[in-house]
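Here's a quick tour for anyone opening this structure for the first time. Have the sequence and the 3D view side by side, and hop between them as you read.

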Amino acid sequence: ENIQLLVERPDGTYCFRLHRDRVYYVSEKLLKGAASIPRDSLVALGTCFGKFTKTQKFRLNVTALDFLAPYAKVGRALPRPARPLGPPAAHSRCLSCSTRCG
């Protein structure tokens, strides 16, 4: 049901394509235009939804969340917040101590 909403959109028909272990979400207009490009020369096509790992598990990319969020049944489709990238606490104490003492 939700995949059908992703494929048949008001602005055109979209599809999923597998290229080099990556799944791309692409409009049919763009797909027809890319048919003239050789597969070996093609780097990417459309929006990358995710990729298959070497163990054949599918990993969803962050770029897919904008497309999937309106159709989520429960909660929100948002990534977890990242940890702050500051210096460790002991290192910051040393810096503050040396600036006060120096």
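Arg 20 sits in the loop that links strand 2 (12-19) to strand 3 (22-27). Keep in mind as you look around that this is a predicted model.

- Arg 20 has a phi near 55 degrees, which is a positive value in a residue other than glycine.
- Is Arg 20 buried or exposed? Its relative accessibility is 51%, and exposed means over 50%, so Arg 20 counts as exposed.
- Asp 21 isn't a glycine either, yet its phi is positive, at about 65 degrees.
- Asp 21 has a relative accessible area of 46%, so it goes down as partly exposed.

**His 19, in strand 2**

- His 19 belongs to strand 2.
- With a relative accessibility of 9%, His 19 counts as buried, because buried means under 20%.
- Which residues does His 19 touch, leaving aside its neighbours within four places in sequence? The contacts are Tyr 24, Arg 39, Leu 42 and Val 43.

**A patch of positive charge**

- On the surface, Arg 22, Lys 51, Lys 54, Lys 57 and Arg 59 come together as a patch of positive charge.
- To find Lys 57, one of the patch residues, go to the loop between strand 4 (47-52) and strand 5 (58-60).
- Lys 57 counts as exposed because its relative accessibility is 54%, and the cut-off for exposed is over 50%.

**The salt bridge**

- How many salt bridges does a search of the whole structure find? The search turns up one.
- Why might such a pair form at all? Side chains of opposite charge can pair when their charged atoms come close.
- Here, the side chains of Asp 11 and Arg 9 meet in a salt bridge, at 2.8 Å from N to O.
- Asp 11 has a relative accessible area of 47%, so this residue is partly exposed.
- Arg 9 is partly exposed as well, because its relative accessible area is 23%, and buried would mean under 20%.

Note on methods. Residues are numbered from 1 along each chain as its sequence is written. This is a predicted model: local features need pLDDT of at least 70, side-chain atom pairs count only at pLDDT 80 or more; totals for chains, interfaces and linings use all residues. Side-chain values use heavy atoms; hydrogens and water are left out. Patches are made of residues with over 30% relative accessible area and no salt bridge: like charges are joined within 9 Å, nonpolar side chains (Val, Leu, Ile, Met, Phe, Trp, Tyr) within 5 Å. Accessible areas come from the Shrake-Rupley method with a 1.4 Å probe; for residues, only the protein chains shown count as cover. A salt bridge is a side-chain nitrogen of Lys or Arg within 4 Å of a carboxyl oxygen of Asp or Glu. Lys and Arg count as positive and Asp and Glu as negative; His and the chain ends are not counted. The place of a charge is taken as NZ of Lys, CZ of Arg, CG of Asp or CD of Glu. Helices (H or I, at least four residues) and strands (E, at least two) are DSSP runs, numbered from the N terminus. Buried means under 20% relative accessible area, exposed over 50%, partly exposed in between (1.4 Å probe, protein chains only). Contact means heavy atoms within 4.5 Å.
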